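Hi everyone, thanks for making time for this. I'd like to walk you through one structure, so please have a look at it with me.

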Amino acid sequence: MLKFGQITVVATIALLTIGVIDFFFEISPILYVTIFLLWLLVVALGSFTMRWQFFTSTITKGSQTKKQVAITFDDGPNTAYTPQILKLLKPYNAKATFFCIGKHIEANPEIVQQIVAEGHTIGNHSYSHATNFGFFRKKRTVQELSKTDTLIEKITGAKNTLFRPPYGVTNPSIAKALTETNHTVIGWNVRSYDTVIKKPTKVLNRLKKRISPGSIILLHDTHSRCPEIVERLLQFLKKEGYEAVTIETLLTKN
Ligand SMILES: [Zn+2]
């Protein structure tokens with residue numbers, strides 16, 4: 001897969017080569033601009049496409065040998081919907097992973113405790129989930145991740161190692177921060193668009209088409225449609241013989 005370093009080296013070599021040729025034969029400045037814009041386009045796409053692993057290694061799916069999937073919920077815990085979702089998961093003995101925002105963890109420690117007590121996993125989804133998170137420098141990114149990990153440890157008693165970047169964005173400063181914090185970065189390979197698509201049936205149809213053994217499914221426990229989507233997803237998984245497990249279980253060998 002393409003890496004940020006490789007693509008930058010290729011673009012630099014291309015620009016230098018053209019520069020040398022330009023010395024002997026006049027080359028249109030458009031060519032320089034085109035190469036630069038192509039580099040910029042690939043970097044921008046790489047920032048939003050976690051499965052490319054452009055800046056940092058990212059897990060977007062588990063082993064395909066077992067009929068297991070990981071349902072993941074981002075942006076909670078949410079006082080209105082997270083407890084409802086926990087209630088729905090129970091009768092199916094389905095386990096999930098909740099990528100929680102630090103400031104929401106701080107406000108709702110009892111929900112975090114319930115999540116863990118019921119056998120689910122908590123992961124780090126930054127402290128602020130700021131819209132400009134992708135523009136934070138390394139130091140601030142490390143602070144965001146550490147603050148959230150400290151909260152998780154204080155509330156659950158367990159050390160967290162999982163991180164899902166807000167908006168699924170990775171870039172050089174996030175990559176540098178991760179070399180310090182050593183988190184395992186978890187993406188997804190089945191995106192529900194549950195916050196954008198307003199009809200649960202449409203979301204479900206999307207999910208049903210895309211789910212396969214080892215899938216990591218992205219949902220959000222932050223909106224009123226989520227409980228219905230979860231219930232119908234669990235019914236579908238049961239019918240198809242899938243087991244819903246935490247990220248750790250999905251990634252366990254054997
Ligand atoms: Zn998020």
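Let's start on the surface. This is a predicted model, and in it Val20, Ile21, Phe23, Phe24 and Phe25 form a nonpolar patch. Taken together, these residues have about 610 Å² of accessible area. Please find Phe23 in particular, which belongs to helix H1, residues 4-24. Is Phe23 buried or exposed? Phe23 is exposed, with a relative accessible area of 70%.

Now to the cysteines. How many disulfides does the structure hold? The count is 0. Let's see why, taking Cys100 as our example. A disulfide needs two cysteine sulfur atoms within 2.5 Å of each other. For the sulfur of Cys100, the closest cysteine sulfur is the one in Cys226, and that is 13 Å away, so the two are too far apart for a bond. Looking from the other end, Cys226 is in no disulfide either, and its nearest cysteine sulfur is that of Cys100, at 13 Å. What about their surroundings? Cys100 is buried, with a relative accessible area of 0%. Cys226 also has 0% relative accessibility and counts as buried.

Next, the backbone. Here is some background for those of you who are new to this: most residues other than glycine have a negative phi, and most peptide bonds are trans.

Which two residues does a cis peptide bond join? They are Gly76 and Pro77, and omega there is about -5 degrees. You can find Pro77 in the loop that runs between strand E2 (68-74) and helix H3 (82-89).

Our second stop is Ser126, a residue other than glycine with a positive phi, near 80 degrees. Ser126 lies in the loop between strand E4 (121-124) and helix H6 (138-156). With a relative accessibility of 0%, Ser126 counts as buried.

The last stop is Tyr193. What is its phi? The value is near 55 degrees, which is again positive in a residue that is not glycine. To locate Tyr193, look in the loop between strand E7 (190-191) and helix H8 (200-210). At 35% relative accessibility, Tyr193 counts as partly exposed.

Ser126 has a phi near 80 degrees and is buried, whereas Tyr193 has a phi near 55 degrees and is partly exposed.

Conventions. Residues numbered from 1 in each chain as written. Predicted model: local features only at pLDDT ≥ 70, side-chain atom pairs only at ≥ 80, totals over all residues. Heavy atoms only, no water. Buried < 20%, exposed > 50% of the residue type's maximum accessible area, 1.4 Å probe, protein only. Patch = residues over 30% accessible without salt bridge, like charges linked within 9 Å, V, L, I, M, F, W, Y side chains within 5 Å. Areas by Shrake-Rupley, 256 points an atom, 1.4 Å probe, with all protein chains shown as cover. Salt bridge = Lys/Arg side-chain N within 4 Å of Asp/Glu carboxyl O. Helix = DSSP H or I, 4+ residues; strand = E, 2+ residues; numbered from the N terminus.
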